[in-house]
Amino acid sequence: MTRFPSSRSLLLASALVLGACRSAPDSLTLSIPETRPLHASGESVVVRAVALDAKGQPVENPKLRWVSSAPDVASVEDGVVVARRSGKATIAAAAGKARAQLEVQVSIPSVVDIRVDGADFLLAGNSIPISAVVKNELGKPLVDVPPAWKSSDESVAKVENGRLVGVAPGRATVTATVPPLSRNLQVQVVRSDFARVEVEPTHLVFAKPGQQLQLRAKTFNGRGIALSDVPVSWFSSDWTVATVSPTGQVTAVGPGRTVVTATAGRRKAAAEVVFEVKTAGR
C-alpha cells in the first residue's frame with residue numbers, strides 16, 4: 001500500500017525549503033530621498049534600506065532593527081525618521097551581521113530678522129536691497145530656507161527680486177514669513193520730488209532745567225513748495241544739555257551747548273541750543 005505524507009509534514013517541508021531560499025543579508029545600505037536638513041518639528045522622511053546577500057542579490061523585506069543616536073533630535077521607527085529639535089542624529093539599521101548608518105540634520109527656524117536700510121524713508125520710484133536672515137534654535141543661519149514676502153499694500157511698497165520697491169507715497173507693512181515664524185517691517189514711502197528740510201527757529205536759549213521750547217521742521221520740493229507728508233526724525237547731539245521729542249519739543253537738562261537736528265531721509269537741518277547758567281551777580 002502506498003503511504004502519502006500528511007498535511008503537517010508537507011507544511012514543515014515547505015517551510016524548510018522557503019527558509020533555505022531566503023538568504024541572510026550580507027550587506028546593507030541606507031539612503032534618503034533628499035540630503036537636506038529637516039526644517040519643522042514633526043517633519044518626517046523615510047529611509048530607504050537595500051539589503052544584499054553574499055552573492056549580491058537583493059534580500060526582500062529584511063527584518064531590520066533601527067536606532068537613533070539622538071532620539072530627542074530625530075527619532076526613528078521602521079525606517080521613518082521624525083524631526084524633534086535642531087541638531088544632528090545618526091540613524092543606524094542592522095539585520096544579522098549587516099549594518100549601515102547615515103546622518104540626519106534637523107534645523108528648525110527659530111528667528112527671522114529683516115535686513116534693510118532706509119525703509120522708513122523711501123522715495124517713490126526708488127528701491128533698496130532687502131533680505132531676511134533665518135536662524136535655527138542653535139543660532140545658526142539657514143541659507144536654504146527662503147522667506148515668503150508679502151506687502152499689506154502693494155500700491156505703496158512691494159518686494160521684488162531682493163529689493164524693496166517704493167511705488168507711491170504712503171505707509172505699508174512688509175512681512176517676511178518662514179512658517180511658523182514671521183517678521184514685520186513698517187515702510188514709509190515719500191514723494192519723489194522731496195528736496196530739502198528746514199528748522200525754525202535755528203537758535204534756542206534756555207535759562208533753567210525743565211524749560212521747554214518747540215522746534216518745527218518744514219519740508220519742500222525742488223520748486224520750494226511745502227510738502228506735508230514727509231516724515232522727520234529728531235536728534236540731540238548732547239542729551240545732557242537738552243533732549244528732543246519725536247515732535248521737535250526741546251527740553252533743557254543741563255548747562256552747555258547742543259545741536260538738535262531734523263532728519264528726513266538724507267536731508268538734514270539743525271538748530272543750535274544753548275543752556276546758559278546765570279549767576280546772581282549778572
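Predicted model: local features only at pLDDT ≥ 70, side-chain atom pairs only at ≥ 80, totals over all residues.
**Before you start.** Side chains of opposite charge can pair when their charged atoms come close. With a cut-off of 4 Å between a side-chain nitrogen of Lys or Arg and a carboxyl oxygen of Asp or Glu, the count here is nine salt bridges. We will visit some of them.

**Stop one: Glu34, Arg36 and Glu43.** Select these three residues together, and you will have a network of salt bridges on screen. Now zoom in on Arg36 and Glu43: their closest N and O atoms lie 2.7 Å apart.

**Stop two: Asp72 and Arg85.** Next, select this pair and draw the N to O distance, which is 2.6 Å in their salt bridge. Which parts of the chain does the pair tie together? Asp72 sits in the loop between strand S4 (65–68) and strand S5 (74–77), while Arg85 belongs to the loop between strand S6 (80–83) and strand S7 (87–95), so the bridge joins parts that are 13 residues apart in sequence.

**Stop three: Arg196 and Glu198.** Finally, move along to Arg196 and Glu198, whose side chains form a salt bridge with an N to O distance of 3.1 Å. Are these residues buried or partly exposed? Arg196 has a relative accessible area of 34%, so it counts as partly exposed, and Glu198 is also partly exposed, at 30%.

How values were computed
Residues numbered from 1 in each chain as written. Heavy atoms only, no water. Helix = DSSP H or I, 4+ residues; strand = E, 2+ residues; numbered from the N terminus. Buried < 20%, exposed > 50% of the residue type's maximum accessible area, 1.4 Å probe, protein only.
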